[in-house]
Amino acid sequence: MIYDISPIAIVIFIIFVLTVLGLSFYFARKSKSASGYYAAGGQIHWAVNGIAFAGDYLSAASFLGICGMIAFYGYDGFLYSVGYLAGWVVALFLVAEPFKRLGKYTFADALDSKFNSPAIKLTAAISTLVVSIFYLIPQMVGAGAIVTPLLGLPHWMGVVIVGSIVIFIVATAGMTSTTYVQFIKGGLLIIFSFVLVFLLLGKGISNPPSEEYHKFITINSVVTGGKVTSIDNPDYKIAGQFDDKSGSFIKLEKSGIFSWWKLTAKDQSFILEEALSVVIDKDGKKLYNGEPKEARKFFQVGSAKKIIVDGKEVDKTGPVDLFQFITTIENSEITRFTKKTFSFQNEKVNVYYQNVTKGSDIMKPGLYYKLDEGATFWSRLDFISLMIALFLGTSALPHILIRYYTVPNQRAARKSTIVAIAAIGFFYILTLFMGVGAMVNGGMDVENSNMAAPLLAKTFGITIFSIISAIAFATILGTVSGLIVAASGAVAHDLMDKYKKIKMSDKGKVTAGRISAIGVGIIAIILGIIFEKQNVNFLVGLAFAIAASANLPAIIMLLFWKKTTAKGIAWGITVGMLASLIIILFSPTLYEIYGIDPAKAIIPLQNPGIISIPLGFITLVVVSLLTQQNGKTEPKK
């Protein structure tokens, strides 16, 4: 789609960026020591840290990805919200206070607190880097997605802009600046998401959602022997037909412009329903509904087909409350758009056709994760695997864990976690309404599910769109900052200082951390450009799976099993990390990125957790039992 550049959006964007940079300059003067750089000196107030926790956690995946998943797949997308929030229960009851007691700056500090093990330092540092980079990818993808409509720039420029700003933030001020950026953007994100839902409920549901909404037309047709032989519209000519098990797609020509239509049976007759199409022709030119992108023939979509209130069909509901909104959606019929990709006459064709879905089906699992009709053993296993990873992954994310070091004591760590749960839980309830709201209010770009929430805001005016987009951008800035602090700590503190034992002064440690931040930031920029088309929420799910597989067994067993040994921890991290990475590399999603048919993937699982998490635990237990005599190693001096 083409997004118009708005002066208001640019001004608000610049204000946000300057505010963030101003904080960095201010706190840079206070981050001279390693403690100040990596852990904000351990002096952050628990309430500020709680909202900063929320800011860290409510990343591009939470705001852009979950809302997009809900807009495209209904309740299946909301399951991510449920899983993300449930993970904080583990953090509250098992990890918060003990982890604060164990560590100093980094995840490896905590794991190595009872041992003096080079293997733990090495494997924990590598795990931190891998998880942080996997978590960085969706943030950078989201950055490019949000800068495109905000500033009218291509995706790769958005990624570079975010990467450059974040590298500056982290390289100058470290954790203190990152904490306050997270505090501000976390609070703003929750407040303005509430405002957006308030506006949505005030408007209600209408069909069409606006006067500008594109009216999709239908054409009566005659089908003989499975082929469309004539159509009831002299302006169009039949130019071709593609058939497979998912249906028939008809190529029509009008005034030299080609478009794609979906053949549908209706009341013992056949009609052609207008679809959206993105075609790469044999010359490599990309056409949107048969024309160049600049022609603006590609539309935002998302509407109700039928609105049912009290058993009667209506054109609009008027203002509704939270429960009326959900009930109306359940009773109505919603037009979703389903993607079909195929090759036709040396052209690569992506057709987005109308798929009318009962609201009751949207508000229950099954549209994305097949659990009932059409389900297979692997689809059910994949869903269970995802939920396990989301539930267990939170307590193993390095950039979340190191935030426990920014508060003064264990009691403050627990209070921070409680504040975070309250803020995050409230926000995740809002994502359901924002996602479904985009689904029925013309807030969907079929090419980019990550834009659902900002485009929903745009239906209420450019000002709220600009604010929401700028906050989304700040959300990405804050989360990326925290991730790069964690990654740079792994390189400078864990690998260089503790593992390689390179002698550095306090100032030298800070300098090493800043240089590491630049290197990690550059890697994140490159990967953000490569993974442009992936839904950010799905990518974060992979980061959770790796974290839960590599880190969680080490954390839980160190805290609650006295026979845990240093070698057990090191091998548990290694096996869990490698198992999850191998499954991901040979999964259908990565095959699609490789340009190979996803159906040919060696491993049919999208989410590795159900295999890799138990492997991590089993390896740790077995190796610990085998190394009892030398595994208790030297206590840390």
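**Reading the labels on a predicted model**

Colleague: Why is Thr417 called buried?

Modeller: Buried means under 20% relative accessible area, exposed over 50%, and partly exposed in between, with a 1.4 Å probe and protein chains only. Thr417 has 0%, so it counts as buried. Thr417 belongs to helix 13 (residues 410-440); helices are DSSP runs of H or I with at least four residues, strands are runs of E with at least two, and both are numbered from the N terminus.

Colleague: Which residues does Thr417 touch, not counting those up to four places away in sequence?

Modeller: They are Trp88, Ala91, Leu92, Ala96 and Tyr404. Contact means heavy atoms within 4.5 Å.

Colleague: How do you know whether Ala71 is buried or exposed?

Modeller: Ala71 has a relative accessible area of 0%, so it is buried. Ala71 sits in helix 4 (residues 60-73). Beyond four places in sequence, Ala71 contacts Gly435, Ala438, Met439, Met444 and Ala452. Ala71 and Met363 are 292 residues apart in sequence, yet their C-alpha atoms are 11 Å apart.

Colleague: Why is the ring pair of Phe72 and Tyr73 given its label, and what is that label?

Modeller: Rings of Phe, Tyr and Trp (its six-membered ring) pair if their centres lie within 6.5 Å; planes under 30 degrees apart count as stacked, over 60 as edge-to-face and the rest as tilted. Phe72 and Tyr73 have ring centres 6.3 Å apart and planes at 50°, so the pair is tilted. Phe72 is buried at 11%, whereas Tyr73 is partly exposed at 25%.

Colleague: What makes Phe194 and Phe426 a pair, and of which kind?

Modeller: Their centres are 6.1 Å apart and their planes at 35°, so this pair is tilted. Phe194 in helix 8 (residues 155-203) and Phe426 in helix 13 are 232 residues apart, and the pair links distant parts of the chain. Phe194 is partly exposed at 43%, and Phe426 is partly exposed at 37%.

Colleague: What makes a set of residues a nonpolar core?

Modeller: The members are buried Ala, Val, Leu, Ile, Met, Phe, Trp, Tyr and Cys residues, joined through side-chain atoms within 4.5 Å. The largest nonpolar core has 163 residues, of which Leu111 and Phe325 touch the most other members. Helix 15 (residues 462-499) gives the most to this core, with 19 residues. Apart from it lies another core of 10 residues, among them Trp260, Phe342, Phe344 and Val351.

Colleague: How do you know that strand 1 (residues 218-224) and strand 6 (residues 269-274) pair?

Modeller: Two strands pair if DSSP finds at least two bridges between them. Strand 1 and strand 6 are joined by 4 bridges and run antiparallel, so they meet this rule. Ser221 stands opposite Phe270 in strand 6.

Colleague: What joins strand 4 (residues 247-254) to strand 5 (residues 257-266)?

Modeller: There are 6 bridges between these antiparallel strands, and Ile250 has Trp261 in strand 5 as its bridge partner. Their hairpin has 2 residues between the strands, and Ser255 takes a positive phi near 55°. Strand 5 and strand 6 also form a hairpin with 2 residues between them, where Asp267 in the turn has a positive phi of about 50°.

Note on methods. Residues are numbered from 1 along each chain as its sequence is written. This is a predicted model: local features need pLDDT of at least 70, side-chain atom pairs count only at pLDDT 80 or more; totals for chains, interfaces and linings use all residues. Side-chain values use heavy atoms; hydrogens and water are left out.
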